[in-house]
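Subject: Structure handover

Hello,

Here is the structure I said I would pass on. Please load it first, then read the notes below alongside it.

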Amino acid sequence: MKRIALFVLTNLAIIVVLGITLSIVSAVFGINFNMGGRELNLGALLIFATIVGFTGAFISLLISKPMAKWSTGAQVIRSPSNAMEQWLVDTVRRHADKAGIGMPEVALYEGEPNAFATGAFKNSALVAVSTGLLQSMSREEVEAVLGHEVAHIANGDMVTMTLIQGVMNTFVVFLSRIVGYVVDRIILRNQDDAPGIGYWATVIVMDILLGVLAAIIVAWFSRQREFRADAGAAALMGGNRPMINALARLGGMAPGELPAQVKSMGISGQPSGFLALLSSHPPIEQRIAALQAAR
């Protein structure tokens, strides 16, 4: 729950900070978006919402690799120091060549079983594996997990999720300010040139409520993307059995915690109840069933 709250609050914080920044810029340079004045300029508001919504999403994408390394303590394998590291690099290279992408950086980090891929570009991404995963799985199962992460990169999932997040952020900013205008001007009948407290209070509340709704929609897209990455791993492995075995193994373990920035690119999650709506991963059982049905 903490990670979900952090994810939602981080996106809302980006929206609020950029909104304040653009408001200051509009005041200093005379750029009038008319978001809370006597007349609501929908065209200007849409431009404002798009700038705020997509800027935050693309900033997150561009800093995803360094943030992932910093937050997990992942160490990139520059020159393999043992047979395991050499095998990891060779396996990722083989998957990358087969998937038609550039060789990603390969990293190791200390932690419970998990793995993730991240990066803004297909040909300069990062694949990271935890020590717990290497200790808990057979080499074939680890190879399937690596295939899953390479499939994420090959499918362009990082960029796709960024675009979806940007659209959702734009929706939140745009609609919350329209509702704020209606409350301020029509319900509370504020006649001043400047927006009143009703406008700002409504915008804050709607940012939070719509932000949660947007997070649910983004999470749904993320879950569909997991099925594609599983299928991609099966294709890279030449059959679905290794990926099924890897998922079955993960189903019996508690997945390692991942920072919010890379949580959606991890290999596993265990959602339940209402939280399943906010989960970036579908249940293991559904993923195994999808692979079995694809035979």
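Y199 is buried, at 2% relative accessibility. The model is predicted, so please read every value here as computed from it. W200 is partly exposed, at 43% relative accessibility. What kind of pair do the rings of Y199 and W200 make? The planes stand at 80 degrees and the centres are 4.8 Å apart, so the pair is edge-to-face. An angle over 60 degrees is the cut-off for that label.

A search of the whole structure gives 4 aromatic pairs. One of them is F54 with F58, and this pair is stacked. The ring centres are 6.3 Å apart, with 25 degrees between the planes. Where do F54 and F58 lie? Both are in helix α2, residues 42-62. They are 4 residues apart, about one turn of the helix. F54 has a relative accessible area of 21%. Buried means under 20%, so F54 counts as partly exposed. F58 is partly exposed too, at 34% relative accessibility.

Next, helix α8, which covers residues 197-237.

Now the strands. Is β4 mostly covered or mostly open? Strand β4 spans residues 126-130 and is mostly covered, with 5 of its 5 residues buried. In a regular strand, side chains alternate between the two faces of the sheet. On one side of β4 sit L126, A128 and S130. On the other are V127 and V129. Both faces are covered.

Which strands are bridged to β4? Strand β2, residues 105-109, runs parallel to β4 and is joined to it by 5 bridges. Strand β3, residues 115-118, runs antiparallel to β4, with 4 bridges between them. A128 is itself buried.

That is what I have so far.

Best wishes

Technical notes. Residues numbered from 1 in each chain as written. Predicted model: local features only at pLDDT ≥ 70, side-chain atom pairs only at ≥ 80, totals over all residues. Heavy atoms only, no water. Buried < 20%, exposed > 50% of the residue type's maximum accessible area, 1.4 Å probe, protein only. Helix = DSSP H or I, 4+ residues; strand = E, 2+ residues; numbered from the N terminus. Pairing = 2+ DSSP bridges. Phe/Tyr/Trp six-rings, centres within 6.5 Å; stacked < 30°, edge-to-face > 60°. Expected span 1.5 Å × (residues − 1).
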